Every structure is written in C-alpha cells, then in structure tokens.
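Subject: Structure handover

Hello,

Here is the structure I promised you. Please open it alongside this email, and my notes follow below.

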Amino acid sequence: MTVRSVTFISEASAVRLKPLPGAAMISIMNPGEVAALQNGWEQLLRVGVADASYDEKTIASYGRMWGLSSRGFPTKEHALAIRAFLDHLPPNIEILIVHCGAGVSRSGAVAKYAAERFSTHFPAEYDRYNEALYRLLVNPAVFDEALALIPTKKPSLLRRIGAAIGICSLCQRF
C-alpha cells in the first residue's frame, strides 16, 4: 500500500482528531510551539517552522541580515526532514494529514508536495500555500545559490573606506 489520501487542516481541527488506523500526521507549528495532538498516531512528524515565504530577491534584499531576520523561516533542513518522513512511511499508511495553525499556507505547501509525490489529488486551483516551503520541498537546494551570495561578515573599516575611495583590496595590505 501507499498513501492514497492527503489532506490539510487547521491546528484546531487536528487537536480534536482521533488517531486513525493507517494514518500519518505532519504537525507544523511555529518554532518552539507544540500542538496538543491526541496520542496514538502511527507516524507523526513535528516541524517547527514560521509561516514566512520568501524568494531569491528577498534573500538578496536582506543581505547580511538574512541570518538574524530569517530565524524560523522554512529551510532546506525542514524540507529534508519532511521528505525523509514521507520517503520512510511504512506501507500500511494510506492517509496523510498535514496541519498548521490555520490549515492554509504551510500545511497547504506540504500537502501539495505530498499529493504530487504520491500521485493523489490536490485541488488544482488552490494557490494559498507557502511558496518558499513548497519550492524547498520540490528542490531542497533551490535557495543555495542565493544564500551563498550573502557576505558572511562585515568588511573592516579600512576595507570599506578603501572601497569608497576606489583603492583596490590588494593595495590596502601595504
């Protein structure tokens, strides 16, 4: 068997849901928060990720501040954890339920990816999913190039002054 049904719901619905036989759940909450799910899910993955979307242009605009400003944003590591969970579901799991706070954006992104992965239904017209998270799930390396362009540390005052007045960095050593 394989996953034949993927659905996404709100946290409020998820905490009321009794664990179903043959069902797995992905619980997506803000970092540091945990949904009070009922015990007994055959497979359960908890992910702490903020409901924030971004693209390459956003990364570039934040520049050096990306590391501080993007805490909790969806990352490659989140995507890899979700993909690994889906890849290792036992054959008896036929139902996948994904929840997040409102049951709209983060859970929608994971449900869209999972539905494509398992060739199950996802509403074609649904477009309110978290695009950054979805893109990371499809290709975990999607933002690697943009992230590699972020300077790791602030240039020294001498280098900044030299750059401002047109002195090459090699000349600044002397």
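A residue counts as buried here when its relative accessible area is under 20%. With that cut-off, helix H6 has buried residues at Ala132, Leu133, Tyr134, Leu136 and Leu137. Please keep in mind that this is a predicted model.

What covers those buried residues of H6? The cover includes H4 and H5. The N-terminal end of H6 is capped by Asn130. A side-chain oxygen of Asn130 lies 3.2 Å from the backbone nitrogen of Ala132.

Now the sheet. It is open and has 4 strands, in the order S1-S4-S2-S3, with parallel pairing. Strand S1 (5-10) and strand S3 (43-48) are the edge strands, and each pairs on one side only. On average, neighbouring strands are turned by 15° against each other, direction ignored. S2 and S3 run parallel and are joined by 6 bridges. Across that pair, Ile26 stands opposite Leu45 in S3. Helix H4 (residues 76-87) packs on the sheet. H4 touches S2, S3 and strand S4 (95-100), and its direction makes about 175° with that of S3.

Next, the nonpolar residues. In soluble globular proteins, nonpolar side chains tend to be buried together. The largest nonpolar core in this model has 42 residues. Ile26, Leu86 and Leu96 have the most contacts inside it. At least two residues each come from S1, S2, S3, H4, S4, helix H5 (106-117) and helix H6 (131-138). H5 gives the most, with 6 residues.

Which residues does Leu96 touch, leaving aside its neighbours within four places in sequence? They are Val3, Ser5, Val6, Thr7, Ala24, Ile26, Phe85, Leu86 and Ala114. Another core lies apart from the largest one. This other core has 9 residues, among them Ala23, Met25, Ala35 and Ile97.

Is Ser27 buried or exposed? Ser27 has 2% relative accessibility, so it counts as buried. Ser27 is found in strand S2 (residues 23-29). Its side chain makes a polar contact of 2.7 Å with the side chain of His99. Leaving aside neighbours within four places in sequence, Ser27 is in contact with Ala35, Leu37, Leu44, Leu45, Arg46, Val47 and His99.

Best wishes

Note on methods: Residues are numbered from 1 along each chain as its sequence is written. This is a predicted model: local features need pLDDT of at least 70, side-chain atom pairs count only at pLDDT 80 or more; totals for chains, interfaces and linings use all residues. Side-chain values use heavy atoms; hydrogens and water are left out. Buried means under 20% relative accessible area, exposed over 50%, partly exposed in between (1.4 Å probe, protein chains only). A polar contact is a pair of N or O atoms within 3.5 Å; within protein, one must be able to donate a hydrogen and the other to accept it, and residues adjacent in sequence count only if both atoms are side-chain atoms. Contact means heavy atoms within 4.5 Å. Two strands pair if DSSP finds at least two bridges between them. Axes are lines fitted to C-alpha atoms, for helices over the stretch in contact, and angles run from 0 to 180 degrees between N-to-C directions. A nonpolar core is a set of buried Ala, Val, Leu, Ile, Met, Phe, Trp, Tyr and Cys residues joined through side-chain atoms within 4.5 Å.
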